[in-house]
Amino acid sequence: MKDEKQELLMEKIVSLAKRRGFVFQGSEIYGGLAGTWDYGPRGVALKNNIKNLWWRMFVESRDDMYAVDAAILMNEKVWKASGHTGAGFTDPVVICNKCKNRFRGDNVKFKKDDDGKISERVWICEKCGTENDFETKQFNLMFETKVGAEGTIKSYLRPETAQGIFVNFKNIVDSMNPKLPFGIAQIGKAFRNEIAPRDFVFRTREFEQMEIEYFVKEDTWEDHFNEWLGRMYSWMEAIGLQKKDIHELDVPESDRAHYSKKTVDFEFDFPFGRKELYGLAYRTDFDLKNHTEHSGESLTYFDNEAKEHLTPHVIEPTFGVDRTVLAVLTSAYTEDELGGSVSADSGEPKEKRVYLAFKPSIAPVKAAVFPLLKNKPELVAKAREVYTELKKHVPQVMFDDNGNVGKRYRRQDEIGTPVTIVADFQTLDDDTVTMRDRDTGEQERLSINEAISKIKDASMLG
Ligand code: ATP
């Protein structure tokens, strides 16, 4: 059942995202293109911060992780070997014979009795109301394209980043001599011709993934699987998601991807319902074995202890960047009324406000610097000086002297800036500034240097 409050929340998030330069509809001036979204300045910064934090946590801070950035276009044979061109990567589609609209087969509506129960499985078209006149098909989600001037070479826009990792397994083993267990990580775009893109950036036709293929010995897969479960929770905590909004789903065999022997989905309470945010899959040796068979290259690892060649098994933690952005926006969106903690001379009105309670590490702007009054050149100059010094240490900061201070605070609250610095008359005398906390509205006075080091410490990536 649809919850009106949640629907309204979604509308508010989409509207704020547009108003404040996070996310715009793709090709908007031409009426859009379904399933595409463009990120604006704040969205790019948020997404980059998320990706950088992920990279730091899962790649740079570890000794067992190797990076790749594989081409989006790959040899057609890759997708035969991986099973994507066959039945493995299709979604059922239901097509109404009357209006010809298409619906995701796992999401179709059945006719209900007056008391709301499905009595008979009569399919009813959501668009034109036609009953039980439809056909079903399996629809492959890959975007096909042609390569070269002759257009004779078939290729696909990759539907997952994972295969770019598997085809480089041998290159990494030969060039880097990794010791098992080890992982190969990649962040990049993936494309799926989704039958029904919807729910803002949740289900799009072009999106970004952060993926790891972690190669292990077969008999250790369960331990590694559990360790990755824990690491994924640490990640979600690091970006500010709350445990109460996250739910593990042990995916039953009938719903698992063709390559998986065990999958746990991390579902998140989005405003439109509980849906998959991330996945953790045990892919066995499915991919390496299949690529060995199809390419003729041996994709094995020489185990020095056992003195034998083995095909590693794979644990795959996968993270959608765009779904992360939406989960983070949903968690951070807050409405409140600032209370009496605001001092009389701060210029901050007591009123309802909206703010994004981003963790400083992912906030697109870490701090904003204002002059108390914009018509006092000496205050503006001092604020600029503070801003210039701060920017040397923390690049994601901004200067704002537009409108009155109250309006500037509201703007910063809406983009989730953790703190704002105001240069006032006292700053001219003693080089102290006021620093206002986004969540409480409380202010403290401290030296410029103290303010800079506080902002720097808080903004450090995890
Ligand atoms: P769903 O069941 O929601 O279609 P999936 O199980 O097919 O998702 P995976 O193949 O496991 O998704 O993809 C890995 C991750 O990529 C997902 O956990 C999700 O975060 C992200 N993702 C997948 N499809 C989309 C999409 N169409 N738009 C945005 N992100 C996506």
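**Close-up 1. Helix α6 spans residues 221-238 of this predicted model.** The helix has 18 residues. At 1.5 Å a residue, α6 should span 26 Å. Its end C-alpha atoms are 25 Å apart, which agrees with that expectation. Just after α6, Gly240 takes a positive phi of about 90°.

**Close-up 2. Helix α6 has a buried side and an exposed face.** Buried here are Trp221, His224, Phe225, Trp228, Leu229, Met232, Trp235 and Met236. These residues cover an arc of only 150° around the axis, which puts them on the same side of α6. An α-helix has 3.6 residues a turn, so residues three or four places apart point the same way. The face turned away from the buried side carries Asp223 and Glu237, both exposed.

**Close-up 3. The largest cavity has a volume of about 40 Å³.** A search of the whole structure finds one cavity of 30 Å³ or more. Its lining consists of Val386, Leu390, Ile421, Val433, Ile448, Ala451, Ile452 and Ile455. Helix α12 gives the most, with four residues. By class, the lining of the largest cavity has eight nonpolar residues, with no polar and no charged ones.

**Close-up 4. Arg438 sits in the loop between β22 and β23.** Strand β22 covers residues 432-437, and strand β23 covers 443-447. Arg438 has a relative accessible area of 5%. The cut-off for a buried residue is under 20%, so Arg438 counts as buried. A polar atom of the Arg438 side chain lies 2.9 Å from the backbone oxygen of Phe358.

**Close-up 5. The second largest pocket holds about 400 Å³ of space.** The pocket is lined by 21 residues. Nearest its centre lie Pro178, Leu180, Tyr301, Phe302 and Asp303. Helix α5 (169-176) and strand β14 (301-303) each supply at least two lining residues. Helix α5 gives the most to the lining of this pocket, with four residues. By class, the lining of the second largest pocket has nine nonpolar, six polar and six charged residues.

Conventions: Residues numbered from 1 in each chain as written. Predicted model: local features only at pLDDT ≥ 70, side-chain atom pairs only at ≥ 80, totals over all residues. Heavy atoms only, no water. Expected span 1.5 Å × (residues − 1). Buried < 20%, exposed > 50% of the residue type's maximum accessible area, 1.4 Å probe, protein only. Arc of directions from axis to C-beta. 1 Å grid on protein atoms, 1.4 Å probe; cavity = no way out; pocket = protein on both sides within 12 Å on 5 of 7 lines; lining within 4 Å. Points joined across faces, edges and corners; volume = space filled by probe spheres on them. Nonpolar A, V, L, I, M, F, W, Y, C, P; charged D, E, K, R; others polar. Polar contact = N/O pair within 3.5 Å; in protein donor to acceptor, adjacent residues only side chain to side chain.
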